[in-house]
Protein chains: 2
Amino acid sequence: MDNVRVIKVKQSVLANNDTRAATLRKKLKEKGIFLVNVMSSPGSGKTTLLVNLINRLKQNLRIGVIEADMDAVVDANTVEAKTGVKTVQLHTSGECHLDAKMVDEGMNFLGGGDLDLVFLENIGNLVCPAEFDTGATLKMVLLSIPEGDDKPLKYPLMFERGDWFVFTKMDAISLFDLDVEKVEASILKENPNARFFPLSAKKDQGVDILANALLEQVRSYQEGKQ
Amino acid sequence: MDNVRVIKVKQSVLANNDTRAATLRKKLKEKGIFLVNVMSSPGSGKTTLLVNLINRLKQNLRIGVIEADMDAVVDANTVEAKTGVKTVQLHTSGECHLDAKMVDEGMNFLGGGDLDLVFLENIGNLVCPAEFDTGATLKMVLLSIPEGDDKPLKYPLMFERGDWFVFTKMDAISLFDLDVEKVEASILKENPNARFFPLSAKKDQGVDILANALLEQVRSYQEGKQ
């Protein structure tokens, strides 16, 4: 009985969230703001990647960041200190994901009239964030090399719904014998449009390729709005 | 409004779960079965550690394993093939955690009349599993070295509620500059009874210490029941 009640409420929450997310996505499109939902396990390197990416892109694009955590502020402080771009920290009060309403509030705080690109750093979690549409234009999923090659099998929704997949900590590959091609093949099976970006943000290898792809994507999105 | 409804249902679900977990814990105590709830991020090395631990302990203890995944069976197959102990795979159908009812069903499948120790490998997630009492005797939390030292700050409930903390992939420490003492200090601040076990299951270093501590704990639990 309890399970039935939970599921019903969850369905209603998801339906309301989908409506809000669609409204937010439309609003962002009108303003030409490209929103990237960055998701991964805890400790996959989201913050380190964002700092590197933002420092590469901030000459060309006006960037904002929405950080999410249950109740810490470390990531927002790190990103703001190391990049200088406007950052807001959302607290989910124990919730395991961000929803469109929280993101809308974050966007309001950032202002948004003069932004091209907003990164949304979701809660470190491969389960719940996959279910909730945040209104993002692009879903970027990080998989760090030490996590192993079976993650697409174990967290199928995240790997089916993601758009771009970034393999982080590639500098550690010799220690962890991960077969990147095997992971790519298992993702492509359920998600044939997936794109892959292997890199090491710490060693500054491959981030330029991701930065260029993102810049191109934002420009084409903004041209599309006219 | 939606949030209020979710929270109410969640409170009721948590309260029902607490009652079920207490009943299960009492039943396990009467039978002398020690249940370990193993939790961590995805890819921290739960399965690899369990295989190593079980192979060390199975001469002295009768062991069973409950594996949980959203819909994969790889871990149960791996553990059963590499250890020979009885293993059951639970599917949570997209849920981000195990609850006491699911664990009770897993225990029924294992039989349990002739077991000393059962490992419960929870969903890879540092958020949701921390909230749900599974009826376990001991909560073992793994933190892999590549995940970094800020996890206790970002996932406070997991690190406040855990009993034993296992630092896995210690063989990679030179690559990731993690300060183990700093992590221990940050856990102890909120959780003064925490115990720590740094190890590498892959290199077979330090697992003996954890295995001996667990054997001692199971024996003293079983003596306590008489």
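Predicted model: local features only at pLDDT ≥ 70, side-chain atom pairs only at ≥ 80, totals over all residues.
Which residue stands opposite B:Phe165 in E7(B)?

Chain B holds an open sheet of seven strands with parallel pairing. Read across the sheet, the strands come in the order E3-E2-E4-E1-E5-E6-E7. At the edges sit strand E3 (86-91) and strand E7 (195-198) of chain B, each of which pairs on one side only. On average, and with direction ignored, neighbouring strands here are turned by 20 degrees against each other. As a reminder, strands of a sheet pair through backbone hydrogen bonds, either parallel or antiparallel.

Now for the opening question. Strand E6 of chain B covers residues 164-168 and runs parallel to E7(B), to which four bridges join it. Within E7(B), the residue opposite B:Phe165 is B:Phe196.

## The nonpolar core

Next, have a look at the largest nonpolar core, which has 135 residues. The residues with the most contacts inside this core are A:Val118, A:Leu120 and A:Val166, along with B:Val118, B:Leu120 and B:Val166.

Take A:Val118 as an example. Leaving aside its neighbours within four places in sequence, A:Val118 is in contact with A:Ile33, A:Leu35, A:Gly64, A:Val65, A:Ile66, A:Met107 and A:Leu110.

## How the two chains are related

Finally, compare the two chains. The same surface serves both copies, as 100% of the contact residues of chain A recur in chain B.

Technical notes
Residues numbered from 1 in each chain as written. Chains lettered and ligands numbered in written order. Contact = placed C-beta atoms within 7 Å. Core = buried A, V, L, I, M, F, W, Y, C linked by C-beta atoms within 7 Å. Buried ≥ 20, exposed ≤ 12 C-beta atoms within 10 Å, placed from the backbone. Pairing = 2+ DSSP bridges. Helix = DSSP H or I, 4+ residues; strand = E, 2+ residues; numbered from the N terminus. Axes fitted to C-alpha atoms, helices over the stretch in contact; angles between N-to-C directions.
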